[in-house]
Amino acid sequence: METKNIILELRNSHGLSQEELAERVFVTRQAVSRWENGETVPNTETLKLLSGIFGVSINTILGSPRKLICQCCGMPLEDSLISKEPDGSFNESYCKWCYADGNYTYHDMDDLINVCVKHMADNGFSEEQARIHMKDMLPKLDYWKNHRELGDGGKFEEFKKQLIAEFNALNIEGMPKVEKLNALVGSYVNLAYKLPNGNTVKFLDDSATYLGNQLECMNGRCFGVLANADFMLVASYAKDGADPELLLYRKR
């Protein structure tokens, strides 16, 4: 689809007139009309504003001329998987798992490979095939070519270590020791917990990225831990997240 049609479709789907959209991106109604007639294309700064208003990447607005892949893990990217900067703008170079809130979440290639291999093994790859593929692909991606320059001096890894120590200090009966925390997108782990009054509640933002892990399952139930800079959550649940029980939720 061409940019002119995409802007028209997005504008209509958001219930905006040409005048209303023009006001929000600081141009004239005639400028919007020229975009939708294919006479001109928005400049870079205006594309950023349109991206924020419509909740889609600039690449999508331009008709997806580039095939986006995460430059850390190699995942093909669509708008729902693209990471965002702290100001809410899309970072079209990374997925939500590898870059969140201005932080790169993986600083050790082997850690990333171990996480990816588990998912790839569930999608028709043998573990050996997945590991060989990742070891060949990752060094070719921009992040791993430049990760020393992109690093934060170990601050994010120290933050993860602090979270791990805080989880282990909870001494929750039966919960295995937390060894690692991985990036987890809210929509994949946002379970609905039943409250004493019978209502159910979810605590997470589906579009946000958190740090967490599923711990060893025993007697048919697993422990799950999840956190960010503001809170810690511990839960137990059956297979595939069924029958979840909230064990702890507290501010940090």
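In the predicted model, α6 and α9 (155-168) each supply at least two residues of the lining of the second largest pocket. The space in this second largest pocket amounts to about 310 Å³. A total of 17 residues line the second largest pocket, and those closest to its centre are Asp111, Lys160, Lys180, Leu181 and Asn182. By residue class, the lining of the second largest pocket comprises four nonpolar, five polar and eight charged residues.

The largest pocket holds about 1,400 Å³ of space. Its lining is formed by 44 residues, and Trp97, His119, Leu184, Tyr188 and Val189 lie nearest the centre of the largest pocket. Several helices and strands take part in this lining: at least two residues each come from the helices α6 (109-121), α7 (127-137) and α10 (186-189) and from the strands β5 (182-185), β8 (209-214), β9 (222-227) and β10 (231-237). Of these, α6 gives the most to the lining of the largest pocket, with six residues. The lining of the largest pocket divides into 29 nonpolar, eleven polar and four charged residues.

Strands of a sheet pair through backbone hydrogen bonds, in either a parallel or an antiparallel arrangement. Here the sheet is open and has five strands in the order β5-β8-β9-β10-β11, with antiparallel pairing. Strands β5 and β11 (245-251) are the edge strands, each pairing on one side only. From one strand to the next, the twist averages 25°. Within the sheet, the antiparallel pairing of β8 and β9 extends over four bridges. Glutamine 214 stands opposite glycine 224 of β9.

A further contact joins two helices, α1 (residues 3-13) and α3 (residues 29-36), whose axes come within 7 Å and cross at roughly 125°. The two helices α1 and α3 are therefore oblique to each other. On the α1 side, the contact is made by Lys4, Ile7, Leu8 and Arg11, and on the α3 side by Val32, Trp35 and Glu36. The residues of this contact of α1 with α3 divide into four nonpolar and three charged, with no polar residues.

Notes
Residues are numbered from 1 along each chain as its sequence is written. This is a predicted model: local features need pLDDT of at least 70, side-chain atom pairs count only at pLDDT 80 or more; totals for chains, interfaces and linings use all residues. Side-chain values use heavy atoms; hydrogens and water are left out. Axes are lines fitted to C-alpha atoms, for helices over the stretch in contact, and angles run from 0 to 180 degrees between N-to-C directions. Angles under 35 degrees count as roughly parallel, over 145 as roughly antiparallel, 65 to 115 as roughly perpendicular and the rest as oblique. Contact means heavy atoms within 4.5 Å. Ala, Val, Leu, Ile, Met, Phe, Trp, Tyr, Cys and Pro count as nonpolar, Asp, Glu, Lys and Arg as charged, and the others, Gly among them, as polar. On a 1 Å grid over the protein atoms alone, a cavity is a set of points where a 1.4 Å probe fits but cannot get out, and a pocket is an open set with protein on both sides within 12 Å along at least five of seven lines; lining residues have an atom within 4 Å of a point. Grid points are joined across faces, edges and corners, and a volume is the space filled by probe spheres set on the points. Two strands pair if DSSP finds at least two bridges between them.
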